[in-house]
Amino acid sequence: LLVSKDMGKHLLEVEDLLQKHGLLEADISAQTERVQALNEAALKFSELEGYQPCDPQIICNRVNHVQTCLEELEDLAAKRRKELEDSRQLWTFFQEMEEAEAWIREKEKILASKTCGRDLSSVTTLTTKHKTMLGELGNRRVLLHQTMKKGEKILAKKIFSSVGIQEKLREVCLRWKKLEELMGFHQQRLEEALNFFQLSAETDDLVTWLQDMYRVVSSDDFGHDDYSTQALLRKHRAVVAEVEKHRTSVMSLRQQLALLAPVHPQGVDVQLRVVEVEQLFGEVVEVAVMRSQWLQDALDVYRMFSEVHACEVWLEEKEQWLEKMILPEELDEVEVVQHRFESLDQEMNSVMGRILDVNQVVQQLVEGGHPSSQEVQSCQDHLNSRWNRVVELVETKKTQLNSILKIQNFLLEC
């Protein structure tokens, strides 16, 4: 039993042989105690004095022979155990390598059947699963390295033929390398799909956002007075700034698309969406510029109306004052009125500057094709007419005052 060359042909058989060998070792251990007891009893006969039933040398030789046989048996048992344990290491190595190969085949099938998703949600789910598989790959890599070290140790002992072990190590290494390449390739495809569908979602979001912005910038609300128009103009400038912030994103869509879309089945749809985004963005910018001008024109109109109103109030006041004015005949009173006209001249110079500004604004609005051009011109004509009326009244009163002043000076000289 101990010199048997049967080392098992697989791990289960080796385990069975080791179990049987353990029983045999237990039996040897039990017989060892019996042999030692018998040897001690036999040696006592070699020490007898007087009558000796047997030659003491024969007894000693037999005891030594039995002890030697027992020791040889124990050596054979130890050698047999070592050989069986070496065999178990070998078949454990092969079984672990087979398990690694089976795991690799399973993952290869999974990777071969995997798609990259149909939308952002499915790609995100697949990416999460792929990360889990990468974790499994890392754990399995550690186990595989441990098994390969076992194979290298078996080779170093040079007990078994190295051909089968080396072939298995080379085969599994190649398959493992291929699996890692497949994992890397699939991860790359998932990343490309994720980037593509993120681009698609971003494009859809931009279309929706630009449609909202178009409704905002194409509003026909230009306010009803100076204050409300200023508020609308501030809001519009904020909207324009927000649109400009998205310019880089819009302009980079085509470049991103060139990298992601050519091989994707939904690439054409996204290309059309990108074109739609670019067109919408251009329309929003164009309409925003027009609305900026319209709001500024409306603000200019309301400010002009406010300025016209202020000027007309002043003109109304001076017109009434001039019409009701009765020029004095006394020299002292004439000089007082003359000083008043000097102050009036200064006020008129100031008002004339404001009226000239109004005329300039009106000209700009009319030349720009403002929708309220007729109303603005009518207001301008009315203001200029009243101004001319006041100027005529002033000139008339000044002429009369100068005549009175000449008469008074003549009378004084006389």
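## Salt bridges and cores in a predicted model

Glu347 is partly exposed, with a relative accessible area of 33%. Here buried means under 20% relative accessible area, exposed over 50%, and partly exposed in between (1.4 Å probe, protein chains only). This is a predicted model: local features need pLDDT of at least 70, side-chain atom pairs count only at pLDDT 80 or more, and totals for chains, interfaces and linings use all residues. Residues are numbered from 1 along each chain as its sequence is written, and side-chain values use heavy atoms, with hydrogens and water left out.

The predictor's confidence in each residue is its pLDDT, from 0 to 100. The protein chain averages 84, and 94% of the residues score at least 70.

**Salt bridges**

A salt bridge is a side-chain nitrogen of Lys or Arg within 4 Å of a carboxyl oxygen of Asp or Glu. The whole structure holds 26 of them.

| Pair | Closest N and O atoms |
|---|---|
| Glu347 and Lys318 | 3.6 Å |
| Glu316 and Arg386 | 2.1 Å |
| Lys245 and Glu242 | 4.0 Å |

Helices are DSSP runs (H or I, at least four residues), numbered from the N terminus. Glu347 sits in helix 8 and Lys318 in helix 7, 29 residues apart. Lys318 counts as buried, at 13% relative accessibility.

Glu316 lies in helix 7 and Arg386 in helix 9, so this pair ties together parts that are 70 residues apart in sequence. Glu316 is partly exposed at 31%. Arg386 is buried at 16%.

Lys245 and Glu242 both lie in helix 5, 3 residues apart, about one turn of the helix. Lys245 is exposed at 60%. Glu242 is partly exposed at 32%.

**Nonpolar cores**

A nonpolar core is a set of buried Ala, Val, Leu, Ile, Met, Phe, Trp, Tyr and Cys residues joined through side-chain atoms within 4.5 Å. The largest has 29 residues, and Leu322 and Phe341 have the most contacts inside it. Helix 7 (267-324), helix 8 (331-367) and helix 9 (373-413) each supply at least two of its residues. A second, separate core of 25 residues includes Phe197, Met213, Leu257 and Leu280.

Contact means heavy atoms within 4.5 Å. Neighbours within four places in sequence aside, Leu322 touches Phe341, Leu344, Val390, Leu393, Val394 and Lys397.

**A buried glutamate**

Glu101 lies in helix 2 (residues 56-113). Glu101 counts as buried, at 5% relative accessibility.
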